[in-house]
Every structure is written in C-alpha cells, then in structure tokens.
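I set out to look up a few places in this structure, one after another, and to write down what I found. These are my notes.

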Amino acid sequence: MKTSPLDQIQEIRQWIARQVESAGASGAVVGLSGGIDSAVVAALAARALGDNLLAIILPCHSSEQDIQDARLVARHLQLKVEEQDLSSIFDRWLALYPSSDRRIQGNLKSRLRMASVYHVAALRNHLVLGTSNRSEWEIGYFTKYGDSAADLLPIVHLLKSEVRQLAMILDIPQRVIEKPPSAGLWEGQTDEGELGFTYEQLDNYLLGRLSEVPPEVQAAIRDRQRFAAHKKQPAPRLFPAGPPSEGPSLTAGDSPYDRSIEALTLISGAITSDHYIEDILRLIVMVTAEVMNSSVCSLWLLDEKEGVLRLRATQSINPEYIQDRVLRVGEGIVGKVVVENRPYSIPDVLMDPYYKEKDLARRMGLVSMLSMPMRVKDRVIGVINCYTSYPHVFSELETNILTAVANQAAVAIENTELMVKTKVIQEELEKRKLIERAKDLVMRRLDLSGDEAYRWLQKRSMDTRKSMREVAEAVLLTMEG
C-alpha cells in the first residue's frame with residue numbers, strides 16, 4: 001500500500017530526528033534557495049528539530065525574487081535563519097581565475113554555497129541537509145547546495161510531483177510552489193531549460209508512463225541516467241533507501257575491502273531490525289551496487305512452492321528493467337545459478353548462450369555480469385546480480401566480496417520473513433483470543449449459544465463495516481465496563 005502524504009511527513013520527520021541524534025550532532029543546517037525543494041526540507045526538518053535547525057540564505061549575485069522567496073519561507077516557517085551574501089567572495093575568485101563561461105561561473109557559485117553551508121555546519125556540530133529529490137538524483141542533477149555530498153537527503157525518494165504535493169500539505173507559500181525550478185546559477189537559468197525536458201516528463205518516465213513521454217525525451221533522460229551512473233558520488237544517508245541506518249554510510253574513495261565491511265555492517269543491522277522485507281531488499285541492492293561499483297544490481301528470490309524466481313528489488317530506475325519478471329528454476333543465468341548453487345561470471349552478456357534478455361541488456365548498455373547465489377546454510381533462497389556498463393573481468397576479491405554480501409543478505413532476508421510470519425501468527429492468535437472473549441461475554445449477557453453469539457458478532461461487523469477484531473474490542477469495552 002502506498003504511504004499517504006501525511007504518513008510520509010511523519011516518517012521523514014522521525015527519520016531526521018533519529019539520524020541527527022544517532023550522529024551525535026546538535027542539529028542540522030539547510031540552505032534556503034527560495035525554491036520548493038529547500039522549502040519542503042526546511043519544513044520537515046523544523047518539525048523534527050525545532051530550534052536546532054538553522055536555515056541559511058546565501059545570495060550570490062542572485063535574483064531579488066529568489067532572495068525574497070527564501071526570506072518568505074524562513075518567516076513563514078518561523079525558522080532560525082542567517083544570511084550571508086557571497087557575491088564579493090565570488091567576484092574575488094573570478095578576478096583571480098577569470099572566465100566568461102556562465103557554466104563555469106555557475107559551478108563556482110554552487111561550490112561556494114556548498115563550502116559555506118558545510119563550514120557553518122561544522123562550527124555548530126550540525127549535519128547538512130540536502131534538498132535533492134528523486135527526479136534530480138536519478139539523473140545526477142544536484143547543483144544547488146552540493147547535494148552530492150550532503151549528510152542527509154530527506155526527500156531523495158520523492159518525485160518532483162510528490163514534493164509539490166507535500167509542499168501544499170506543509171503550507172509552503174503558493175508563489176514558491178508555482179515558481180519555475182531554478183538553481184539560480186545565472187540570470188534566467190531554470191532546471192528544465194538546463195535539462196532539455198520538463199519535470200513532468202521526467203516523472204512520467206520514472207513512473208513507467210512511457211506513452212506520455214516523447215521518444216526523443218526518453219533518449220535524453222537515458223543519456224542523463226548513464227552519465228549519473230558513472231559519476232563517483234559519496235553516499236549520504238538517504239530516506240528511504242531501505243531502513244534508516246544507525247551505522248556508517250558507504251563512502252566513496254574507500255578501498256573495496258573497506259566498503260565491503262561497511263556494506264556487511266549495514267546489512268547485519270537489518271538482521272535485527274523490525275522493518276518490512278521490501279525495505280530490507282532495497283537496502284541490500286543499494287549497498288551492493290555501491291560496494292561492487294555496479295551500474296545495475298538486481299535481487300531475485302526463490303518461490304519454492306511454485307518453482308520460480310521473482311525479481312524483488314533493484315536500484316535501477318529504468319522502467320523496462322523494474323517490471324515484474326519471473327524465471328523458472330533452471331531458466332536463464334539466474335535459474336542456472338540456483339540449480340548449480342555457485343556463482344556465474346560473464347564478460348559479455350550479449351555473447352552468453354544462457355543469458356535471456358539480450359535486447360533489454362543492449363538497450364540499457366549492460367555488458368559484464370556476476371551472478372551470486374544467496375544461501376542460508378546449503379539452501380539457496382535467491383540470487384544477486386551485479387552488472388557493469390563496460391567490459392570487466394570480475395576479480396577474485398570482487399567475487400569474495402559479493403559472496404560475503406550475498407550470504408549476509410540471505411540471513412537478513414530469512415530473519416525478516418520469519419519475523420513477519422511470527423508477527424502475523426501472533427496478531428492472528430491475539431485476534432482470535434479477543435473474539436473468543438467477546439463471544440463468551442455475549443453468550444452470558446444475551447443468553448445465546450456459542451454459534452448464535454458468533455453470528456451476532458459477525459452481523460455487527462457487517463452492519464458497522466468494522467473488522468471482527470474492532471467489534472470484539474468494542475464489545476469488551478462496553479459489556480465488561
């Protein structure tokens with residue numbers, strides 16, 4: 001079931017508070033650009049942190065409209081705010097290193113803002129809140145306050161359209177919601193002008209509504225996705241890239257061994273968590289993709305009863321790839337790995353006789369692949385696949401790392417499914433006990449037989465359109481009182 005906007009607001013608010021507390025920070029800093037994304041992040045963080053949130057406005061030859069909108073948001077949300085004009089610092093740097101290229105100048109503006117936000121945060125032992133949404137992040141477009149290195153990204157799971165929906169619920173000023181998205185890098189600059197397509201088109205593409213997106217726009221978005229996939233980015237804490245982590249986030253620049261240890265730490269934390277299986281699976285594919293430097297990571301789980309494997313999670317946002325897919329045991333590479341219970345490495349998927357989805361791989365630019373069984377003891381419960389978008393021979397170290405990650409992931413999945421089953425059983429037993437107590441009470445109070453009392457409860461359930469549990473609770477509350 002899709003989370004309602006009100007529930008999302010509550011979940012993100014709680015997540016920000018937990019992350020700041022677990023990091024030992026005294027608060028957080030958010031840069032206000034005058035745009036909708038920073039306004040929504042500020043509103044959410046204000047609910048989580050109160051006076052421990054600092055909003056910072058950093059004009060740098062900015063339009064008066066952006067400055068006024070940032071101030072409006074700060075006043076409207078009653079934020080603690082500081083404002084520092086970076087224009088003179090920008091001018092000094094440009095005098096030292098002249099350039100008339102507006103893109104180079106825009107990049108300097110963005111980096112000055114980023115450095116300033118981080119300096120202010122460090123002085124106060126605060127975390128930096130990034131303001132990128134999913135639409136921007138998926139295509140590597142984060143130009144406002146250095147979001148590629150932010151400590152927390154609270155709205156990175158939300159499409160631009162979803163951010164607008166939250167903005168209205170959070171009572172963000174209407175003029176901020178309706179203004180064209182812009183990083184304010186030069187006069188007249190807009191995000192959509194830079195990208196060459198609209199956010200509506202991008203969101204439709206990411207939602208798989210390809211009939212609403214012109215072919216040339218689809219091609220442009222795919223180009224952006226390929227570019228983003230190759231960029232080396234630090235990994236801030238994302239919400240919700242799986243269960244919010246209480247431990248370290250994976251950091252670019254570490255050795256593969258160090259990153260694998262961190263990945264195992266994150267997945268180990270999931271073993272004792274109470275998050276649902278979908279959250280655990282998302283966490284596993286994201287940390288695996290990062291530690292293996294994969295353009296695509298996919299996770300298939302075995303349905304032993306039906307003898308098939310189902311695609312359950314991937315960090316890819318390609319609409320073709322994320323469709324529901326099923327393979328029989330023994331079918332394709334994934335089915336072969338399950339049957340043989342051993343890894344399978346392919347230098348070029350287009351040349352391998354067992355690989356079934358060559359057309360899709362060609363369209364997505366997938367080249368090399370390492371497929372690893374996920375085992376609990378000697379039993380295979382699924383498969384993790386890692387792809388590269390360039391020819392690659394997976395080393396012994398990479399194979400060992402993926403083996404360790406896959407086995408740890410299998411334990412996390414097995415544990416989570418067991419916890420869910422146990423929880424369902426417990427809830428069912430509790431429900432039956434409640435109904436039985438209510439039935440006994442109705443029998444005594446209304447002088448009915450057991451069957452009559454049970455039918456009486458059923459009729460009340462149908463008449464009131466409430467569950468049997470709710471009716472039983474009401475009966476106990478009323479009649480016992």
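Predicted model: local features only at pLDDT ≥ 70, side-chain atom pairs only at ≥ 80, totals over all residues.

Entry on H1 and H7. I looked up how helix H1, residues 5-22, lies against helix H7, residues 160-169, and found that they pack at an angle of about 85 degrees with their axes 10 Å apart. Because angles of 65 to 115 degrees count as roughly perpendicular, I noted H1 and H7 as roughly perpendicular to each other. On the H1 side the contact is made by Pro 5, Leu 6, Gln 8, Ile 9 and Ile 12, and on the H7 side by Gln 165, Leu 166 and Ile 169. Sorting these residues, I count six nonpolar, two polar and no charged.

Entry on H4 and H5. Here helix H4, residues 87-96, packs with helix H5, residues 102-124, at an angle of about 130 degrees, and their axes are 11 Å apart. I therefore recorded this pair as oblique, and I noted that H4 passes H5 in a right-handed crossing. H4 brings Ile 89, Phe 90, Trp 93 and Leu 94 to the contact, while H5 brings Gln 105, Leu 108, Lys 109 and Leu 112. These residues divide into six nonpolar, one polar and one charged.

Entry on Glu 331. I found Glu 331 in the loop between strand S9 (326-328) and helix H14 (332-340).

Conventions
Residues numbered from 1 in each chain as written. Heavy atoms only, no water. Helix = DSSP H or I, 4+ residues; strand = E, 2+ residues; numbered from the N terminus. Axes fitted to C-alpha atoms, helices over the stretch in contact; angles between N-to-C directions. Parallel < 35°, antiparallel > 145°, perpendicular 65-115°, else oblique. Left-handed = near helix turned anticlockwise from the far one by under 90°. Contact = heavy atoms within 4.5 Å. Nonpolar A, V, L, I, M, F, W, Y, C, P; charged D, E, K, R; others polar.
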